[in-house]
Structure formats: structure tokens, C-alpha cells
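I opened the model today and went through it piece by piece. These are my notes, in the order of looking.

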Amino acid sequence: MGQRSMAAARESGISVSNLAIAFGKMPPIFANLDLRIAPGEFVALVGASGCGKTTLMNAIAGLVRVEEGNIQVNSLPPAAGRPDIAYVLARDALLPWRTVRENVEYALMLSGVPKAEWKSIALDYIARVDLTAHADFLPARLSHGQRQRVALARAFAVNRSVYMLDEPFSALDAQTKLVLHDQLLALWEQSRKTVIFVTHDIGEAVTLADRVVVMGTKGRGIVDEIRVPLPRPRSAGDLQENEAFHEIFRQAWHALRKGMS
Ligand SMILES: Nc1ncnc2c1ncn2[C@@H]1O[C@H](COP(=O)(O)OP(=O)(O)OP(=O)(O)O)[C@@H](O)[C@H]1O
């Protein structure tokens with residue numbers, strides 16, 4: 001069985017129970033943290049700077065040692081470099097000496113996809129982020145937004161089961177963000193992967209997610225969660241004028257402020 005089908009065969013989402021993380025002799029960043037993300041659910045994680053969002057992501061990714069509590073990703077303990085998890089970070093991490101297409105193809109190669117399929121899969125995903133005309137460009141010739149689009153194309157082309165996105169759009173302007181939101185929405189709505197998405201942007205969280213999980217300061221961990229029952233497919237542009245979107249935004253904003261006090 002190839003890595004692609006292996007990843008699909010044991011999808012059971014993410015389960016975090018009674019997790020506490022402390023660095024050295026410092027008080028814990030958070031304790032007694034419980035979080036369950038169902039397979040195919042899109043969860044946005046928000047909270048004030050320093051509340052532990054990246055630490056929680058890193059623990060789920062196997063980059064931070066867990067001494068208290070339990071984490072299961074697709075029914076297995078976390079480990080760095082697992083073939084069923086994809087990451088997209090604020091910095092795109094494209095290989096600068098490879099073109100857009102070669103960057104996506106390289107990821108397909110690492111994922112064990114047969115060479116005969118690389119080109120068609122890469123061009124398909126490059127088209128989904130509207131970069132067909134840029135397929136033969138090196139990353140240095142792309143804007144930051146375009147590079148993040150390549151990073152999204154690459155991540156979804158390799159067809160993992162869990163996607164961990166840590167502020168992937170944080171350095172983009174408001175209009176470019178909406179374009180990226182629509183492209184991510186389309187990629188996700190067609191594939192329904194399990195996603196955990198860290199952001200400081202409440203509008204972004206409500207636009208994309210099924211559920212917004214709010215972390216509080218002072219080691220309180222998760223303090224609230226807001227369901228986002230907005231119908232799909234969603235359009236980031238249309239949501240800007242949608243009353244229900246603004247009402248959910250208001251609830252999430254209120255929860256975030258409460259978590260910061
Ligand atoms: N390796 C580490 N060693 C010691 N302290 C750490 C380490 N990693 C994170 N911390 C501390 O843990 C706390 C939470 O950091 P973390 O990066 O998880 O927060 P965050 O919510 O993601 O913040 P931001 O929104 O600013 O990215 C901070 O006080 C940070 O200084």
C-alpha cells in the first residue's frame with residue numbers, strides 16, 4: 001500500500017487529553033488541555049500572543065515532548081515527519097532552485113507518488129491556485145502571496161490526512177488574504193481533510209473553519225469554542241457582507257477578549 005492510501009486508511013482525527021506542557025522550571029504554558037478534532041473537521045485555533053497555540057501545534061506534530069497527558073493523531077502518538085501530516089507555515093519553505101512545478105513534483109516524489117503521475121498532479125494543483133502561467137517560474141520571481149499559493153498547492157497535492165497550518169497568511173494584505181481564503185476553501189471543500197489552523201485573524205478563522213477554538217492567557221489553555229454553521233461552499237468575499245458571518249465573528253471576538261482578560 002502506498003503512502004497515499006496508507007494515510008487514508010486510518011483516519012481518526014486528532015485527540016488531545018489532559019495535556020500539560022511546561023518548559024524547564026517555568027509554570028506550565030497550559031494544563032488539563034482537552035481537544036478533539038474529528039476526521040475531516042476544520043478547526044481554527046485563536047488566542048492572544050504567547051497563550052500556547054504554536055506549542056500545542058508543535059506537541060501535536062511531535063516537535064515538543066509530552067510528559068503529561070496524551071495525544072493521538074490518526075490513533076498514533078505524535079512523531080516528527082509522519083507521512084500522514086502536512087504543514088504550511090507563515091514562511092513558505094519552497095526550494096528556491098526549483099520552479100513552481102518542480103517544487104510540487106518534488107513533494108510528490110517524497111510522498112512516493114509514481115513519477116508518471118507527477119506532472120499531471122502538479123499542474124492540476126497549480127491550476128487550482130490559479131498559477132498555471134507561473135508554473136515554470138522560480139520562487140524568487142513570485143510575490144509572497146503567490147509563494148503561499150504554491151505552498152498550499154504542494155500541501156494538498158500530496159494528499160495527506162491531517163493538515164497543520166500555522167499562520168500561513170499572516171504576512172499578507174487583506175485583499176490577497178481573501179483570494180487565498182477562497183483557494184484554501186476550495187481545496188479543503190473538495191478533499192475534507194482534518195485541519196488545525198492557527199491564526200490571529202478572527203475573520204479568517206470564521207471564514208474558513210467549522211469551529212473556532214479559543215485559547216486564553218495565563219496558562220488557562222482552551223477557554224471557549226464557537227461553532228461556525230455557515231453553509232459551504234463558502235465565498236470569502238460574499239461572507240464580508242453576510243449577517244450570520246458578522247454575528248459569529250462578534251461571538252468569537254467576545255470569547256477572544258474574555259480569554260485575554
Ligand atoms: N522552546 C521553548 N522554551 C521555552 N519557552 C518556550 C518555548 N517555546 C515556547 N515557549 C514559551 O511558551 C509560551 C507560548 O508560546 P507559543 O509560541 O506557543 O505562543 P503562541 O500562542 O503561538 O504565540 P504567538 O501568537 O505570538 O505566535 C511563550 O511564553 C513562549 O515564550
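I call a residue buried if 20 or more other C-beta atoms lie within 10 Å of its own, exposed if 12 or fewer, and partly exposed in between, with C-beta atoms placed from the backbone. The model is a predicted one, so I kept to the limits that go with it: local features need pLDDT of at least 70, side-chain atom pairs count only at pLDDT 80 or more, and totals for chains, interfaces and linings use all residues. Residues are numbered from 1 along each chain as its sequence is written.

I looked up Ser75 first. Its phi is positive, about 65°, although Ser75 is not a glycine. Ser75 sits in the loop between strand S4 (68-73) and strand S5 (85-89); helices (H or I, at least four residues) and strands (E, at least two) are DSSP runs, numbered from the N terminus. Is Ser75 buried or exposed? I find 10 other C-beta atoms within 10 Å, so Ser75 is exposed.

Asn159 is another residue other than glycine with a positive phi, near 55°. I place Asn159 in the loop between H5 and strand S6 (162-166). Asn159 has 20 C-beta neighbours inside 10 Å and therefore counts as buried.

I also noted a cis peptide bond between Arg232 and Pro233, with omega about 0°. Pro233 belongs to the loop between strand S9 (221-227) and helix H8 (236-239).

**Domains**

I took the domain bounds from an automatic or database domain assignment. Domain 1 covers 3-84 + 162-260, and domain 2 covers 95-159. Their centres, taken over C-alpha atoms, are separated by 25 Å. I count a contact when the C-beta atoms of two residues, placed from the backbone, lie within 7 Å. On that basis 14 residues of domain 1 are in contact with 13 residues of domain 2. Helix H1 (3-9) and helix H6 (174-191) each supply at least two residues of the domain 1 side that touches domain 2. Which helix gives the largest share of that side? H6 does, with seven residues. By class, the domain 1 side has nine nonpolar, four polar and one charged residues. Here Ala, Val, Leu, Ile, Met, Phe, Trp, Tyr, Cys and Pro count as nonpolar, Asp, Glu, Lys and Arg as charged, and the others, Gly among them, as polar.

**Helix H6**

I checked the length of H6 next. Its 18 residues reach 26 Å from first C-alpha to last, close to the 26 Å expected at 1.5 Å a residue; the expected span is 1.5 Å times one less than the number of residues. Buried residues in H6 include Lys177, His181, Gln183 and Trp188. The buried residues of H6 pack against strand S3 (42-47), H4, H5, strand S7 (194-198), helix H7 (202-208) and H8. Just after H6, Arg192 takes a positive phi of about 50°.

**Helix H4**

H4 (residues 115-128) has Ala122, Tyr125 and Ile126 as buried residues. Down the axis of H4 these buried residues fall within an arc of 100°, so they line one face of the helix. The arc is that of the directions from the helix axis to the C-beta atoms. Ala116, Glu117, Ser120 and Ala127 are exposed, on the face turned away from the buried side of H4. I noted helix H3 (100-110) and helix H5 (144-157) among what covers the buried residues of H4.

**Helix H9**

The 18 residues of H9 (residues 243-260) should span 26 Å at 1.5 Å a residue, and the end C-alpha atoms are 26 Å apart, which agrees. Ile248, Phe249, Ala252, Ala255, Leu256 and Gly259 are buried in H9. These fall within an arc of 130° seen down the axis, so they line one face of H9. I found Glu243, Glu247, Arg257 and Lys258 exposed on the other side of H9. The buried residues of H9 pack against S3, H7, S8 and S9.

**Ligand shell**

The shell includes Phe23, Ile29, Lys53 and Thr54. Helix H2 (residues 53-61) gives the most to the shell, three residues. The shell divides into three nonpolar, six polar and one charged.

Key
Near = placed C-beta within 6 Å.
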